[in-house]
Amino acid sequence: MARWTLAAGAAAVLAAACGGDDGGGNAPPVDPPVDPPVSALTLTTVSSLPDYVTGGDALVRIDLPAGVTGTPVVTLDKNDVSRAFTQIGSSTWQGLVRGMELGKNTLRAQVGESTATLEVTNYPITGPMISGPHEKPFLCTTTSFGRLGGGTLDGPLDEHCSTNTRIDYFYRNKSGGNSRWNTPTAYPADMTYITIDEGKPTERTVPYLVRLETGTINRGIYQSAMLHDPLNDGEIGPNKRSKAWNGKLMYPLGGGCQGGWYTQGATFGTLIVDEWMKQGYAAVTSTLNIFGSNCNDLLSSETVAMTKERFIEAYGLPVYTIGTGGSGGAYQSFQTSDNYPGLFDGIIVNMVFPDVTSATLFKVFDSRLLNNYFNRAGGLPYTDEKKKAISGYLQVGNIANMSGSAGRLDPVVSFPAGFPEDMKYDPVNRPGGVRATVYDHTVNVYGKDSRGFALRPIDNVGVQYGLKALNDGAITVEEFLDLNANIGGLDADMKPTAARTAGDVDAIRRAYQSGRITYGGGGLASTAILEHRDYFDNAVNGDIHNKIHSYSVRERLKAANGHFDNHVILGPGPVGDNLLQLMDRWLMGVVGDTSDQPKARKVVAHKPAGLADACWDDTGAKIVEPSTAFGNGRCNQLYPAGTTPRLVAGEPLADNIVKCQLKPVDPADYKVAMDAGQLSRLRQIFPEGVCDWSKPGVEQQPLKSTWISFGPSKKNLLFDVTRP
């Protein structure tokens, strides 16, 4: 009884040191011996957080404490699931546990006297989990999905657009294309081979054979792709990986937005990307991660979580995961990283916006107003130079272009092909019909008004359009006054109104608290960010992907974290650096850091030496200098940035104030003199006051929490959005 002997010996030493008794001849009382606690097992879910399990199964890991040996006995509620586990290390076991009921389940593991329990919550593979009630109607596209190389999907098998999961093999042929491997018993004669360099003394040559898995999760069609040679490797799984997989995962996210609702989505770019496959990467994505199919970052993040969970259950936990994409893919990369940390470790983005709700929609909303104003009958004439000064754009064509992009706010413009006409909203004939707007697509967050329309976090009360143009002398006082007197607003049907648009305060608050407006201090603080900066500000006919948005992201990171050291901009110009290789070096440094430092510090500390902002000139010469929105640096001389109508009106560069606080008109704010009549007119135009951009916006606040849910998971549900 070593533990008893130890306790008794310790008491004897203590008694001797204290004189042996209490002065009355009695030995001091000795507490009864206490058995030291038995070291506990560690029981964790590997494929997802335990509160967010889907599909009835989870990859589970058991770590034995030091000195404990044996085979774990594992139960799922009252069922023995021990046979699912395989020993994968000296003290580690892993297994795919199936058969979970919807709702709460209890896992229990025991080896000898060491035990652990873990409660997991399971949701349907068809969803939803965190995004809230599914959008209806919903067009199934399993029969038209375009990424199978001639194959077809079954179904739809149910109301959730489900299909049977299928596995196909493709090989890279000697002509450089991908061919289906129809007879997987012998290598095709025209198949190519890949030499994989893993940084080891010897390289490996493997067949260029790709295992392509296709199925449905959360009503989206997903695919995963990885190198796998079934003739040599045999069957693979989470405990027996493909020998050609480098253990790293790419998650591409697609662009678009306008028209991205009420559909499963017909296709996405191929996952058999030569750059990825040649280095041994795997890739996975879903149609609901394409903003042209689904312009809802919350639903996209939920789909990432569920789809990545399926990948891990099938193939094992990646070393790291990189989210990547441009435009709508950049939205998703930022917002999934910030709001649902752990899904991406690093992101590689281009055509950057911080999110849909703020910077983008502010810009297209204001551009529609300006386009209406400049083209109204009997209005003041403005030269192109004055229009550019008022809008902030470098090209006047961007006003009309951005006005067209405001179609995503119009309830009747952007339905997907095949959507039933008799279901579409019409303000006269079908006022209860389906509305095709970003806000109605995200109604689970914003809530509804008494008409059933989504509340809108958009506002222009107090915004002084053209303020900088006035102060720079680019427009006259009379033009400034006329502009602000007549620009008006837009109602929920995108019809012009004489009055300014007043945002719904409840929706504004939810937008900030839930991360619909990217905060930057959630998971993004510990995410490695590499941006390939494109340049479209000089597009004569306009382009939505303006340079200024990169610096709005940086301003938000700085405000939330005190720095933006985890964000590197490469470009514009013919970027000569390989962003994937740079990101790999960066993330592997973080992975190899076993210190107890916070991950955010590790990310900054392991940024590769020499990795810094740079642009390239048209000869391909690299110019290394801090990337800034404005200034006299060489990169800004080569690639000047325009702004936006709201930034011209005085909004700070972060571009995240939905509804400004107001202040009285102050003549000191204007660099041009106004006479008494002009000041009186200005006060009549803004009877409640003008924007005070020195203050936070109305209801502006940090992200309330990460992993927020709008149901049916209620753990972090913040808002009741069911009431009118």
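In this predicted model, Tyr262 is buried, with a relative accessible area of 6%. Phe419 also counts as buried, at 4% relative accessibility. Both values fall under the 20% cut-off for a buried residue.

A search of the whole structure finds 20 aromatic pairs. Two of them are set out below.

| Aromatic pair | Centre to centre | Angle between planes | Class |
|---|---|---|---|
| Tyr262 and Phe419 | 5.6 Å | 55° | tilted |
| Phe291 and Tyr331 | 5.6 Å | 35° | tilted |

Tyr262 belongs to the loop between strand 16 (249-252) and helix 3 (274-278), and Phe419 to the loop between helix 8 (397-405) and helix 9 (438-441); the pair therefore ties together parts that are 157 residues apart in sequence. Phe291 lies in the loop between strand 17 (282-286) and helix 4 (297-315), while Tyr331 lies in helix 5 (residues 328-339), so this pair ties together parts that are 40 residues apart in sequence. Phe291 and Tyr331 are both buried.

Arg219 lies over the face of Phe138, at 3.7 Å from the ring centre, and the charged end of Arg435 sits over the ring of Tyr425, 4.7 Å from its centre.

Elsewhere, five strands form an open sheet with mixed pairing, in the order 2-9-8-4-5. Strand 2 (53-54) and strand 5 (79-80) stand at the edges with a single partner strand each, so one side of each is left without a neighbour in the sheet.

Definitions and conventions
Residues are numbered from 1 along each chain as its sequence is written. This is a predicted model: local features need pLDDT of at least 70, side-chain atom pairs count only at pLDDT 80 or more; totals for chains, interfaces and linings use all residues. Side-chain values use heavy atoms; hydrogens and water are left out. Two strands pair if DSSP finds at least two bridges between them. Helices (H or I, at least four residues) and strands (E, at least two) are DSSP runs, numbered from the N terminus. Rings of Phe, Tyr and Trp (its six-membered ring) pair if their centres lie within 6.5 Å; planes under 30 degrees apart count as stacked, over 60 as edge-to-face and the rest as tilted. Buried means under 20% relative accessible area, exposed over 50%, partly exposed in between (1.4 Å probe, protein chains only). A charge sits over a ring if NZ of Lys or CZ of Arg is within 6 Å of the ring centre and within 35 degrees of the ring normal.
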